[in-house]
4 protein chains.
Amino acid sequence: MIIVMSRGSSREEVNTVVSRVQSLGLGAHLSEGEEVTIIGVVGSPLPSELAGTLESLPGVERVVRITKRFKLTGWDFHPAPTVIDVSGVKIGSNEITLFAGPCSVESEEQTISTAHAVRAAGARILRGGAYKPRTSPYEFRGLGERGLQILADAGKETGMPVITEVMSPNDVESVAKYADILQIGARNCQNYLLLEEVGKAGKPVMIKRGASVTVEEWLLAAEYVMAQGNSNVILCERGMRSFETATRFTLDIGAVSVAKQLSHLPVIVDPSHAAGKRAYVPSMSLAGVAAGADGLMIEVHPSPDHALSDAAQQLTFDQFSALVPQMRAVAQAIGRELAPDGADIASGAVAVG
Amino acid sequence: MIIVMSRGSSREEVNTVVSRVQSLGLGAHLSEGEEVTIIGVVGSPLPSELAGTLESLPGVERVVRITKRFKLTGWDFHPAPTVIDVSGVKIGSNEITLFAGPCSVESEEQTISTAHAVRAAGARILRGGAYKPRTSPYEFRGLGERGLQILADAGKETGMPVITEVMSPNDVESVAKYADILQIGARNCQNYLLLEEVGKAGKPVMIKRGASVTVEEWLLAAEYVMAQGNSNVILCERGMRSFETATRFTLDIGAVSVAKQLSHLPVIVDPSHAAGKRAYVPSMSLAGVAAGADGLMIEVHPSPDHALSDAAQQLTFDQFSALVPQMRAVAQAIGRELAPDGADIASGAVAVG
Amino acid sequence: MIIVMSRGSSREEVNTVVSRVQSLGLGAHLSEGEEVTIIGVVGSPLPSELAGTLESLPGVERVVRITKRFKLTGWDFHPAPTVIDVSGVKIGSNEITLFAGPCSVESEEQTISTAHAVRAAGARILRGGAYKPRTSPYEFRGLGERGLQILADAGKETGMPVITEVMSPNDVESVAKYADILQIGARNCQNYLLLEEVGKAGKPVMIKRGASVTVEEWLLAAEYVMAQGNSNVILCERGMRSFETATRFTLDIGAVSVAKQLSHLPVIVDPSHAAGKRAYVPSMSLAGVAAGADGLMIEVHPSPDHALSDAAQQLTFDQFSALVPQMRAVAQAIGRELAPDGADIASGAVAVG
Amino acid sequence: MIIVMSRGSSREEVNTVVSRVQSLGLGAHLSEGEEVTIIGVVGSPLPSELAGTLESLPGVERVVRITKRFKLTGWDFHPAPTVIDVSGVKIGSNEITLFAGPCSVESEEQTISTAHAVRAAGARILRGGAYKPRTSPYEFRGLGERGLQILADAGKETGMPVITEVMSPNDVESVAKYADILQIGARNCQNYLLLEEVGKAGKPVMIKRGASVTVEEWLLAAEYVMAQGNSNVILCERGMRSFETATRFTLDIGAVSVAKQLSHLPVIVDPSHAAGKRAYVPSMSLAGVAAGADGLMIEVHPSPDHALSDAAQQLTFDQFSALVPQMRAVAQAIGRELAPDGADIASGAVAVG
């Protein structure tokens, strides 16, 4: 931590800062330049409020934090990329993983038919919402536990692990019974009690980046899960809120590269929520693959214009089937793989526990 | 709802849209202009996914929603301003209410001394966090139930109702035992299960606007609480996330006026979190009063630079005491009142149940 | 400037950085902590690309700039607040200055009548656009030089200096013939050649903050003008672009306090463009006064719903006349003045050259 | 245009709106629903301030614009994609065009060597700044006309058309003497006089999207150029300003798809300015190709850490040479081409006039 004193700060003000730092058992290195005096703070751990505390002392202009705020999610503490094995599907490996399925689980038939369709096209993880966060209380909010059951059945039948959102600490146990991966939605990205609860559940966790959460804060959200001893965390970029309204959210494609430079965790891109309109999903999906994402999560529905949620952004089976080979070609162009179509399923290569 | 057909849309595409609307038991008014054909949808209720559904049909350019998404929070359903009586403190009345207290409850002494100081200066509601949402898991996270007890005691001793944040549905019951107003933090503004749970608790609820939540979405968050039968909801603007980093958040002062035009609920301004630095708190506080806020919520600490959270933004007792008369003067300048200083307390005018 | 080396950086990498710094004639202070090694750069001036250069060297994690980028606009080089005397109107003094007038100069009658109305209510500077930046080329773009003439005449007749926007370096000379203050619009806030040109024109300059320009960049825009020897610069906050669409822009009320803390220049608030709807203008105007702005700039039109630009946000004469006494009351509440109504004009106290 | 009346609006208010619309020679279609009354405005052209005007009438809740604001840039008026032939380089064709070169022209040697290097790797257009917009007046601002000369010479020697920024209407003529494409920088995206001036210069124009400019406004900027009779306009996405600071700007990858859906103009991606750090440039470049951009513009410098501007984001020759084949592979994966490396130059296939 570096303390920058303001131009006119007095000798006494400098001394007060130094004393304060030393009173905490930390070292203070004084460096007096021509223009500014700076004080380096040496030692650890630094109290979390230290910056704010020092910044409020007279004569201090600002305090610059030097060390990173996250630990477990960073490369310093885990020098190899994390690969998460979910029933044989290796997320974070050289193979790009396709997560696909309906926005909401609406019925058995809808879910099973979608599962077959996406599996046949190349998806490896089945997604589907049973508890749906909705902006208005007057909208469809999911089938709840019945939806979880349907999703799990569809996953078993098609040989795909399943991922679904959990919205409340109270639901973690029941969702974890059915789901192979627990999803934290963007609105709950900084719901710290929920993050800790899923951290304890013993299942892989995918954390969607909140719409106005920085990459650093996203990694700190992951830190909450990892601090519970759960190292199987997946990051998912799904768009930030911006002034642009042509798309539902603004996909921060640069965040893929930033997150991978700062962290060893796999990074997934969700183009569906960012786009908000299906016409934009293919372009954003291909961009996600090319940018280096370890997976894509795409919403698919047998009849999107009858969907009970996110009707405008879900792809049809045909649209998804047409998109996958393009994604595969782009993956190969950058030296990665993307799961082949479902011809291999019969071989039983994937077994879901 | 208005459906705008694209320029080259065919007769058949128009018919398909009309049929779809009619199949839902709704009316479709066709209007063919020189440049565009539009179809008005008449009837109610409109299915929540209708816009997305229609937008995905061939030939449709876009769908414009006409009716408001919120009901209970709007003037249409409640033509008089809501005034919430919390043990005699009338939030939303002509008197501007001061909420003040430490960011976190750190100790009995810290809390009681702050309560006395802010009460003497003119505060009417005591704030203090017992469960603290922190960006990093390695920071001070509050005293929990012990903190609630201290806060409630301090409120009783000084004749002030208390407000504190609840972060999880599981904690609602215990927090409601101690608190007079339940606070939903900005990060939980769209935590819908929590909103419903506090809606059932029978206590007034203050909802902080999330950092990237529109005013409409904020009102829909309030709608979640009100839909549970709880009409005592207070809105609190505390700053949005923007590109500007000089302040911690960007106080959206215009939102005070917008929210009051759209809703009958009281609107409070929290300058402390928006500012992030105490030097900016007075200016933003006065602006909040002048803008027409029904209350201000300000963090105050006996020794901010020793605070365990938000050290940089809390005011000292002296700073708060100096600020209140200025706020009072501004309140009077716009024809409102602000509680007098604490000389009246002894009279027992305020009794906390 | 502080260079933070990455955790695993080698001795050789550190040496390379040190050599590079020294090769530029600057000093390098090495400080090796337990967690990180940092190198302080001492000396001046620092080359403008130094941070980028050093950040690209192997082993460097990041570079932190310590000194401020702006000079002439900061307090260090000008320890007293700047007060700009425009024909007797003292902008930046204890008296808050009202700038008012139509968005566009549309006709002689419209301009003169507005000038009389705002002057009578308490305005001291007449605003009006002759060259209008419009998002679409198919919109009214102002009367050009004829508009300048009308504006200047209206200013003379009512004893008010006038301010108008200049959009191109080519127009600076002709605009400066008519205008007492040259306005740089938000869209041209970083049009550096224009800034330099107005810097040379010998007239006070008001710089509107661009919609996505930080306070620091705004001060650097002012620096461009001041570097030409023109110290009469006024800053004007008129709203930033954000995700919120209820208002046209988001008035960054906190920027008033930030700008005044960083700079000695007067700060004006323009609530009209931020609001975008006249219903929100009074609340935001009062907030601007309370926040400590040195002036307010408000659009007024004899018949706003017939205006050729910004119809939705201009106030009527009656609305403006009703607002001014409220602003005056708020000004007095915080110990400042606001010009009395126009009764004093006849005395000839204000003479425009 | 649709006028939505507020719930409690009176018959008289409705009549006033209808009369106003009719007084402008436009038709008014009244539609009274159960919940709301709406009035459709029929006829054209609509006055530009009509929405604001109507919105300010009593009883009007809001006004919804139905027709698009841009014409010449939209598909309605130009149903085939625009392909711009610049000395044989076809921008907007199936071949993705690489624009590359230094941020600033610093010297003859630096420019020529870069031109050779990028041409050999596959670039087809040489970029280089002679007039540099800089946030601070104390930074290197380009060599001016001498830089233009160097750039043009380098283009001739390597058989590449050149693109360079023009910052002022005054410079358009001289820049157009040297440049094959005129670039409007992001800060000047809404500098309308400059847009018109380049519209008249008879050379292709590339418009960088401003950092807080919506896609619609970007198209309206292009409309300014096209309204001068210049149909050779190229759009360039280079990142928006957001709350995220890990990258210099936030590349809005979704804007590629949106712009291409709304407009027939070619869309280029500039990953260098969005990234701000060279480590992120390859990922964002590949994403741009995969997203469907018609070209990429990448900064390359012989020795980036000695560059006089944008030192942190420019690629070395080796980095660029390594990236191009990856971009080419991605281009082919989506069925497009990317220029082969420079082996063909000698054949004289490209001749610059």
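Let me start with chains D and C, which bury about 4400 Å² between them, 48% of it on carbon and sulfur atoms. Buried area here is the accessible area, taken with a 1.4 Å probe, that two parts lose on being put together, summed over both. Of the area that chain D buries against chain C, 14% is supplied by Glu49(D), Thr135(D) and Tyr138(D), more than by any other three residues.

Before I go on: this is a predicted model, where local features need pLDDT of at least 70 and side-chain atom pairs count only at pLDDT 80 or more, while totals for chains, interfaces and linings use all residues. Residues are numbered from 1 along each chain as its sequence is written, chains are lettered from A and ligands numbered from 1 in the order in which they are written, and side-chain values use heavy atoms, with hydrogens and water left out.

Back to D and C. The contact, meaning heavy atoms within 4.5 Å, takes 51 residues from each of chain D and chain C. The rule finds 10 salt bridges across this interface; a salt bridge is a side-chain nitrogen of Lys or Arg within 4 Å of a carboxyl oxygen of Asp or Glu. One of them joins Arg69(C) and Glu139(D), at 2.9 Å, N to O. On the chain D side, helix 2 (50-55), helix 6 (192-199) and helix 7 (215-226) each supply at least two residues. Helices (H or I, at least four residues) and strands (E, at least two) are DSSP runs, numbered from the N terminus. Helix 7 of chain D gives the largest share of that side, four residues.

Next, chains B and D. Here 24 residues of chain B are in contact with 24 residues of chain D, and the two chains bury about 2000 Å², 61% of it on carbon and sulfur atoms. In chain B, Arg7(B), Ile66(B) and Phe243(B) lose the most area to chain D, together 23% of what that side buries. The rule finds four salt bridges across this interface, including Glu61(B) with Lys68(D) at 3.4 Å, N to O. Strands 1 (2-5), 2 (27-32), 3 (37-42) and 4 (60-64) of chain B give two or more residues each to the side that touches chain D. Strand 4 of chain B gives the most, with three residues.

Last, inside chain B. Which residues of helix 3 of chain B are buried? Among them are Ile112(B), Ala115(B) and Val118(B), where buried means under 20% relative accessible area with a 1.4 Å probe, protein chains only. Their cover includes strand 7 (95-101) and helix 11 (317-333) of chain B. Just after helix 3, Gly122(B) takes a positive phi of about 135°.

Conventions. Buried < 20%, exposed > 50% of the residue type's maximum accessible area, 1.4 Å probe, protein only.
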